[in-house]
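Here's a quick tour of how the inside of this chain packs. Have a look at the model first, then we'll go through the core and the rings.

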Amino acid sequence: MYNAILSIYYLLTVRYGWKEGQLKKVEKYLFGIPIVFGLATAVASVVLKLFNNASVWCWISPLPLTCKGSILNNGINDCERGNNAFLYRYLFFYGPLWIVIITAMIAMFLLYTSVRKTEQQAARWSLAARLEKTAKLKHSQKVRRQAFFYLMAFYVAWLPGTLLRTIETISKNTDTSVLLVIFAITGPFQGTLNFLVYVRPKYLKYRRKHPENLCLVIQMIVFTCCMKEEPSGDITRITEP
């Protein structure tokens, strides 16, 4: 859900030209949605006793795993815990996940078409106007690329899970063990992928200035608090007085 909010945030910045002041007004609402939704569904899951062993991890699952739940069992609850867990998986996770995927795709498409349109218009302007617009366009392109990489990190993390649930829904007898292992790796890995996307601009910036010293570039990214860049471009370590 946070990735969908990021996509909307980038869309407002690039396509609709929102300034920092405008973004500040809606920022708390945009970034508050994932927090409120996450807390609400977590509390509801605890109250409804939905958190149980789901083979790979503790998640929304029936106990025992073979029970059907009252909806699929003529109104009779045959589960010790997690009655109708399959329904809550869609309501609390997969439904919102698919909405997020569609929202992010639409936002990215609108973002791409906006920058593309600006590029085509720039080719017809006068030299002075073209130079001014080119500077703005370069910034927009950087934002677009960053948004694209955030979106790709999201897809890498959650598309295997989406594919897994789709296959299990369509065919109960299909062996999905390999896909389950892949999802068990990519799902928790999203935080790391987001971090790599986050530090990417810094890496590119320092790498251009210091192409001969990869170790120094990594230190500048990881130990930002302890390193500083002088006006001359030299890197020095910050020491206590």
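## The nonpolar core

The largest nonpolar core holds 40 residues, and Leu97, Leu111, Phe154 and Trp158 touch the most other members. A core here is a set of buried Ala, Val, Leu, Ile, Met, Phe, Trp, Tyr and Cys residues joined through side-chain atoms within 4.5 Å, with buried meaning under 20% relative accessible area (1.4 Å probe, protein chains only). Two or more residues each come from α1 (2-14), α2 (20-47), β2, α3, α4 (127-170), α5 (177-186) and α6 (190-209). Helix α3 gives the largest share, 12 residues. Helices (H or I, at least four residues) and strands (E, at least two) are DSSP runs, numbered from the N terminus.

Leaving aside residues up to four places away in sequence, Leu97 touches Phe154, Trp158 and Thr162; contact means heavy atoms within 4.5 Å.

It's a predicted model: local features need pLDDT of at least 70, side-chain atom pairs count only at pLDDT 80 or more, and totals for chains, interfaces and linings use all residues. Residues are numbered from 1 along each chain as its sequence is written, and side-chain values use heavy atoms, with hydrogens and water left out.

## The rings

Rings of Phe, Tyr and Trp (its six-membered ring) pair if their centres lie within 6.5 Å; planes under 30 degrees apart are stacked, over 60 edge-to-face, the rest tilted. That gives 13 aromatic pairs. Trp59 and Phe93 are edge-to-face, because their centres sit 5.3 Å apart with planes at 85 degrees. Trp59 is in strand β2 (residues 58-60) and Phe93 in helix α3 (residues 85-122), so this pair ties together parts 34 residues apart in sequence.

How values were computed
Buried means under 20% relative accessible area, exposed over 50%, partly exposed in between (1.4 Å probe, protein chains only).
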